2 protein chains.
Amino acid sequence: MTAEADDHSESMVSRTLREEILTGRLAAGSRLTEAGLSSRFGVGRGLVREAFQKLSSQGLVISRPRRGAVVAPEAPREIRNLIIPIRRTVEVYALRLVFDELDAADFAAWGEILDRMRDACARLDYHAIAEADLAFHRRLLERAGQPDLIIIWETLVGRIRSHFRKTQKLSADAMEIHEEHRALVESFRGRDLAAAVRLLKEKIT
Amino acid sequence: MTAEADDHSESMVSRTLREEILTGRLAAGSRLTEAGLSSRFGVGRGLVREAFQKLSSQGLVISRPRRGAVVAPEAPREIRNLIIPIRRTVEVYALRLVFDELDAADFAAWGEILDRMRDACARLDYHAIAEADLAFHRRLLERAGQPDLIIIWETLVGRIRSHFRKTQKLSADAMEIHEEHRALVESFRGRDLAAAVRLLKEKIT
DNA sequence: GTCGATTATATTGTAGACAATCCGGGGACG
DNA sequence: CGTCCCCGGATTGTCTACAATATAATCGAC
């Protein structure tokens, strides 16, 4: 859908696969064969192998020698309980870094993401909701302009992709997810840092 | 069990390069050419490229398309100040996980690492000291047996490799580094969790 | 002598070929 | 009837070859 021509610094293969894993489109345990992905993406096996290395270093894929690659299982609950406060710390740090510099371009980008999220909520498309949620937070991290921050954040979110499944319980209240994110952006726009931090933390579970 | 001989899951190339970067043997900004490393390690360029992907995902290497790869600079001080407490949290978490299960094999492994560290301190070989220090902490994390924990830890240490350079200031007191680690292992052996946590935190700066 | 354009070299991007290894099925044997 | 062994297909591991691009070196104009 998206993510094609722009950023050659990261191959389309690894980016697409990561998104599919994080959003749950690719279930944990799914087998990933080099030839299959190679023909699916229309690239050589070398590029697929490079993507596997990257994803396995991020813990999204488990690659055992001569046995192929599978989508990694989620982290156990105890680990997630360790990670969630860390992720809150990192995102709040990023938020404070950029809070005073947010401009119209930022709000436009978030607005676009919110639109996609609203549509996804309306359709009850939880993969798409997760995708928009990820994009929402990623935008904040990338705005901070600190590569080190992004790398840590990516490692962290790779471990708690499951939390999108919890939201499936809500079903009827799916639109609430969109509403909460909209309120968060409003707190950005209103320059209310305290409220923004509080809302942001609430969103990371 | 082990982590050495078998481990094709991580190529020698990426492991060696990571260690050289973390210990400072490879300075930030150093240019990494595929052909050069290919002939140095006696493998094809494909494997070198796979290593680059892994290292760049860990933030140790910056790889710009068509422009080659260089060793990434260290994180700025502010980011390090964010990361250090996180690393403390993660390592203390791992310590609590394994503390009651530590056995003779663990102490033997740490003893060996301590020996190497003592020799390195005696020679004032700071790269080797850093290497032993890394091995020391890695052993703790690997002992916890949680892949997710290791992945996060690796990302974190990749960002604060600089702290080994600060220790260079001590020069004459280099042996103190070894002594502190020895004391830490003693607190493990004495089953003194509170002291162990305190000493471990002190060591992460 | 300096600056700019052009050629030459070095390096990366990608694909494909071949060998090594794993996995599942089928048959022989007890 | 079950177990073991062997084989064929599928998959991974690795390298080399070729094309595309960046970097440098060279040469000419002013």
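In this predicted model, Arg31(A) lies opposite Val70(A) of strand β3(A). The strand β1 of chain A, residues 31–32, is joined to β3(A) by two bridges, and the two run antiparallel. On β3(A) there is also pairing with β2(A), again in the antiparallel sense, over four bridges. Within β3(A), Val71(A) is the bridge partner of Val61(A). Three residues separate β2(A) from β3(A) in a hairpin, and Arg66(A) in its turn has a positive phi of about 65 degrees.

| Strands | Sense | Bridges |
|---|---|---|
| β1(A) and β3(A) | antiparallel | two bridges |
| β2(A) and β3(A) | antiparallel | four bridges |

Val61(A) also belongs to the largest nonpolar core, which has 96 residues. Val61(A), Ile129(A) and Leu149(A), together with Val61(B), Ile129(B) and Leu149(B), have the most contacts inside this core. Setting aside neighbours within four places in sequence, Leu149(A) is in contact with Val90(A), Ala94(A), Leu141(A) and Ala144(A), and with Ile79(B) from the other chain.

Ile129(A), Leu141(A) and Ala144(A) are among the buried residues of helix α6(A). Also buried there are Tyr126(A), Ala130(A), Glu131(A), Ala132(A), Asp133(A) and Leu140(A). Helix α6 of chain A covers residues 126–144, which makes 19 residues. From first C-alpha to last, α6(A) reaches 28 Å, close to the 27 Å expected at 1.5 Å a residue.

The contact between the chains takes 27 residues from chain A and 26 residues from chain B. On the side of chain A that touches chain B, at least two residues each come from α3 (45–57), β2 (61–64), α4 (77–98) and α7 (147–157) of chain A. By class, the residues of that side of chain A are 10 nonpolar, 11 polar and six charged.

Two or more residues of the surface near DNA strand D are given by each of α2 (34–41), α3 and β3 (68–71) of chain A, and by α3 (45–57) of chain B. The surface near DNA strand D comprises seven charged, five polar and five nonpolar residues.

Terms used: Residues are numbered from 1 along each chain as its sequence is written. Chains are lettered from A and ligands numbered from 1 in the order in which they are written. This is a predicted model: local features need pLDDT of at least 70, side-chain atom pairs count only at pLDDT 80 or more; totals for chains, interfaces and linings use all residues. Two residues are in contact if their C-beta atoms, placed from the backbone, lie within 7 Å. Ala, Val, Leu, Ile, Met, Phe, Trp, Tyr, Cys and Pro count as nonpolar, Asp, Glu, Lys and Arg as charged, and the others, Gly among them, as polar. The expected span of a helix is 1.5 Å times one less than its number of residues. A residue is buried if 20 or more other C-beta atoms lie within 10 Å of its own, exposed if 12 or fewer, and partly exposed in between; C-beta atoms are placed from the backbone. Two strands pair if DSSP finds at least two bridges between them. A nonpolar core is a set of buried Ala, Val, Leu, Ile, Met, Phe, Trp, Tyr and Cys residues joined through C-beta atoms within 7 Å.
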